[in-house]
Amino acid sequence: MMELLRSSLSRVRIPEPSNRIYKQECCVSFDTPRSEGGLFIDMTSFLAFGKDYVGWNYEKTGNPVYLHIKHTNKPLPEDRPSKKPTLLAIGVDGGFENDEPGYDEIHSVVILPDYVSFPFPSVELPEKVRLAVDAILMAEGAERKETLATWTADKKQVSAYAMNLPQIDNGVIVPPSGWKCAKCEKKENLWLNLTDGTILCGRRNWDGTGGNNHAVEYYKETGYPLSVKLGTITADLEAADVFSYPEDDSVLDPLLAQHLAFFGIDFSSLQKTEMTTAERELDQNTNFDWNRIQESGEDVEPIFGPGYTGLVNLGNSCYMAATIQVVFSTHYFCSRYYTTQSLKMAFEMAPADPTVDLNMQLTKLAHGLLSGKYSVPAQEKQEGIPPCMFKSIIAASHPEFSSMRQQDALEFFLHFLDQVERVNGGRPELDPSRSFKFGIEDRILCSSGKVAYNRRLDYILSLNIPLHEAINKDELEAFQKLKAVKLSEGKDVSADDIVRPRVPLEACLANFSAPEEVQDFYSTALKAKTTALKTAGMTSFPDYLVLHMRKFVMEEGWVPKKLNVYIDVPDIIDISHMRSKGLQPGEELLPDDVPGKEVEVVASEDIVSQLVSMGFNHLHCRKAAINTSNVGVEEAMNWLLSHMDDPDIDIPISQGLHGVEIDQSKVDKLISFGFQEAVARKALKSSGGDIEKATDWIFSNPDASLSSDMDATSSITTPVSNDAGLPDGGGRYRLFGIVSHMGTSTQCGHYVAHIFKDGRWVLFNDNKVGASKNPPKDMGYLYFFERLNS
């Protein structure tokens, strides 16, 4: 038998440090060393396979030699102390423990196709085999390595600038409270520059939260590298938020105590006034929403079997788990990646490394969730399956989803469908993402009586919540009076007394279709700006309709607010009235403008004069105002600061801005992100055609909509989105899925899914799957409806 092994030595490789070695999970299933058949590691490719699948690899590659790893459980001592978590994460240092039992590991070398086995370690084995096995066992598994890399990236490192930080003795003494930004009126999210003691507000985030960018702009002016967030400084200096601008990350400053003392700050006397993000997330775990959405007070009966498999939390991955559970409960995803595509079929089509093939990993995920193989009654808990390989490949093109931080379930849903559409490119009949896609048409009625139509495609219907349509106004009024009395007495309102607005879903849908005034609309019929009326309708009804409730809104001054509101969602809805009728008899389209001619935007003299008074070049100021569509001084200044080095910055406007060509493919790309076509065009024009800068511009200008300098010709001179071939049918839908969120923002907290399956509602909470007794239909963030065929 040893001769059989010696004859295959040419196929055995000793792994190099750069090789990816899989030894924790099968590439085509969720089998692990703990599975009944153990795991087989190909000693040529270092890919791992379960007992039922290793034969497929031998047939495909001819690789005969495998290292077999089998784990047998070894229970942990019952008196092991448990540690209190300090991070909202699972299975990582400082997070919640997984309580996984220890195990004994058994190794052997196996030769296929006859599964001839040699025990390891053994001196009788050839030296090359012994070296190869030792190297595989000693190496960090590729699965573990990827997970550690993402967590390490999120851990603070000591700043390279901390030990030799220059500090300027300018007499600044920072008071213990009463701080304010030196350049605006912001009193929150303030950062103390550790070089000269200047206090400035933080960055403006993509969603409008945060500050006015004054701290980071000051770094660009001065080069002073480190700042500390005021309100996070206590006797525990390691917990303070220190940010390094050149390193663009949160860092540790070992000399923070002396750096603070330089400005007269006695850190030991400071009380913490601002929660760190991690603390804020942990605090959310105890609130009312948390218990209600997870049905914490209910005795949830675990459910097992096909379609009832949970997903292991990989560290703040609940946004992905909740979304995926609903998506793979739809007929088209189930059919595409489970009933009509076997694991073997996907493996045979996959490239040499199936871990980087999205089709293979989608099929693996579908079989893991839907087969029931990994959902059998367990003695202690529901284990679920860890979607590590799926997350790795779906996040490869998206830096945020590849991190271990919480993300927005809506963003992930749209990114996921985009990737599925790409992998099925050119084969629309196979693409299950099309079951969510539909067309939207905006009708613009000009004061001249003429109209323009603008079409786009989308996967979700994003709905504003009209609080004035609340059906419990009397109760709300009584609650506000009670709250005022309690506050005057210095008491808190109890959770049982809280009353939230209750808005019918019908009101949200009606709000979407309601006429909306468009100010400063440029009419090609009148050759002037006027007021127009915009209405929206759907050109097709998808098989699955996803409604996104806009619970996060911006108040004046860029202050983000979460709407604590209930939505009354019926089980059956009818949106037939929302179908767009298109161009009607007797309607006249707005005329085309002169081909290639752009409507000239005149710079606001008010904005230009303010920028000039700051010392900027007059021509540059005019360009800044024009390229930000006269939105405001701050936006124009931001544009100016980021375009000072543009090669055409000194070219006169008459030469530089006329005849600008906007690439339609870039417009379509931004539309696919969910932006309006007019906004997409304006953003591209303002950013020189750069998609990344255009996206930043849109997020920095949330008020930039059709009302702001929209050119009507864009609606009628560009090709309309082609929704031919999209699924279509009646407008009656049944609610079958809810993704709920608890937390102050979509980037923290927790997501769960409730899905209507086999005649009952089921709760999917990471690895836990159970019968739902009280699904939170009124607290959803995303609602999934299935069309009813009459």
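What share of the contacts in this protein between residues at least 6 apart in sequence join residues at least 24 apart? It's 70%, with contact meaning heavy atoms within 4.5 Å.

Before I go on, the ground rules. This is a predicted model, where local features need pLDDT of at least 70, side-chain atom pairs count only at pLDDT 80 or more, and totals for chains, interfaces and linings use all residues. Residues are numbered from 1 along each chain as its sequence is written, and side-chain values use heavy atoms, with hydrogens and water left out.

Okay, the overall picture. We've got 24 helices and 27 strands; those are DSSP runs numbered from the N terminus, helices being H or I with at least four residues and strands E with at least two. Of the 790 residues, 51% count as buried, that is, under 20% relative accessible area with a 1.4 Å probe, protein chains only.

Six strands make it up, in the order 6-11-10-9-7-8, with mixed pairing; two strands pair if DSSP finds at least two bridges between them. Strand 6 (157-158) and strand 8 (199-201) are the edges, each pairing on one side only. Helix 5 (residues 214-222) packs on this sheet and touches strand 7 (190-193) and strand 8.

Inside the sheet, strand 10 (residues 242-244) runs antiparallel to strand 11 (residues 249-252), over three bridges. Phenylalanine 243 has serine 250 in strand 11 as its bridge partner.

Last stop: glutamate 25, in the loop between helix 1 (2-6) and strand 1 (39-42). Glutamate 25 counts as buried because its relative accessibility is 5%.

How values were computed
Axes are lines fitted to C-alpha atoms, for helices over the stretch in contact, and angles run from 0 to 180 degrees between N-to-C directions. Buried means under 20% relative accessible area, exposed over 50%, partly exposed in between (1.4 Å probe, protein chains only).
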